[in-house]
Amino acid sequence: MSEETKASIPPEKLVRVTFLPEGRTVEFEFGTMPYQHHGKPMSFLDVAENHDVFLDHACGGVCACTTCHLWIKDQQGISEADDDELDRMDMAADQQLNSRLGCQAVITRPGDYVVEIPKWNRNYVSEGKPLTLAEEK
Ligand code: FES
């Protein structure tokens, strides 16, 4: 497991996000992360883009695809899904109770967060080729 720690972050302001299955953990001070204009500010896609973690986002983070689909281990501290996200999630593969769109689920307070990138998105990374949902079984 790799970890990027910023020693100067006060514990009460620390945000720690672990991306599975890589097990890569990134840390930053709540309220200080620059907005990368991918998804909502402080969304998991925004965090990923800020820390060079690959999270596919075919539509650019505007809730118009499902390629940023994540499973969030504990929903505490995460924004509620709005109607647009819920409608879009209906089209997602491998949907689970803890499924969210990485570009829409926003971290609202400091804390520890663990998210998992589903298999079909991981395959895209490891094979280095465009996503083809037709291959899903
Ligand atoms: S990147 Fe398309 S819905 Fe999130």
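Analyst: Let's start with S2 and S3, which pair in the antiparallel sense over 6 bridges. Strands pair here if DSSP finds at least two bridges between them. Helices (H or I, at least four residues) and strands (E, at least two) are DSSP runs, numbered from the N terminus.

Two things to know before going on. Residues are numbered from 1 along each chain as its sequence is written. You're looking at a predicted model, in which local features need pLDDT of at least 70, side-chain atom pairs count only at pLDDT 80 or more, and totals for chains, interfaces and linings use all residues.

Back to the pair. A cis peptide bond links Pro-21 to Leu-20, with omega about 5°.

S2 has another partner, S6: 6 bridges join them, and they run parallel. Val-17 has Tyr-113 of S6 as its bridge partner, and Thr-18 has Val-114. S6 is joined in turn to strand S4 (residues 69-72) by 2 bridges, with the two running antiparallel. Here Trp-71 stands opposite Glu-116 of S6.

Now look at the two faces of S2. In a regular strand the side chains alternate between the two faces of the sheet. In S2, Val-15, Val-17 and Phe-19 make up the covered face, whereas Leu-14, Arg-16, Thr-18 and Leu-20 make up the uncovered one.

Val-17 leads us on to the core. A residue is buried if 20 or more other C-beta atoms lie within 10 Å of its own, exposed if 12 or fewer, and partly exposed in between, with C-beta atoms placed from the backbone. A nonpolar core is a set of buried Ala, Val, Leu, Ile, Met, Phe, Trp, Tyr and Cys residues joined through C-beta atoms within 7 Å. The largest such core has 21 residues, and the ones touching the most other members are Val-17, Phe-44, Leu-45, Leu-55, Cys-68, Leu-70 and Val-115. Strand S2 (14-20), strand S3 (24-29), helix H1 (44-50) and strand S6 (111-116) each supply at least two residues of it. H1 gives the most, with 4 residues.

Two residues are in contact if their C-beta atoms, placed from the backbone, lie within 7 Å. Leaving aside neighbours within four places in sequence, Leu-45 is in contact with His-38, Gly-39, Leu-55, His-57, Gly-61, Cys-68, Gly-102 and Cys-103.

You'll find His-57 in the loop between H1 and S4, and it counts as buried because it has 20 C-beta neighbours inside 10 Å. Beyond four places in sequence, His-57 touches His-38, Gly-39, Leu-45, Thr-67, Cys-68 and Cys-103. His-57 and His-38 are 19 residues apart in sequence and 8.2 Å apart in space, C-alpha to C-alpha.

A couple of loop residues have a backbone turn to notice. His-37 counts as exposed because it has 10 C-beta neighbours inside 10 Å. Cys-63, in the loop between H1 and S4, also has a positive phi, about 65°, without being a glycine. With 18 C-beta neighbours inside 10 Å, Cys-63 is therefore partly exposed.

Stepping back, the chain has 3 helices and 6 strands, in the order β-β-β-α-β-α-β-β-α. Of its 137 residues, 28% are buried. Among contacts with a separation of 6 or more, 59% join residues 24 or more positions apart.

Last, a word on pLDDT, the predictor's confidence in each residue, from 0 to 100. The chain's mean is 87, and 82% of its residues reach 70 or more. Over residues 125-132 pLDDT stays under 50, and the model has 4 contacts there beyond four places in sequence. Where pLDDT is low, the predicted coordinates should not be read in detail.
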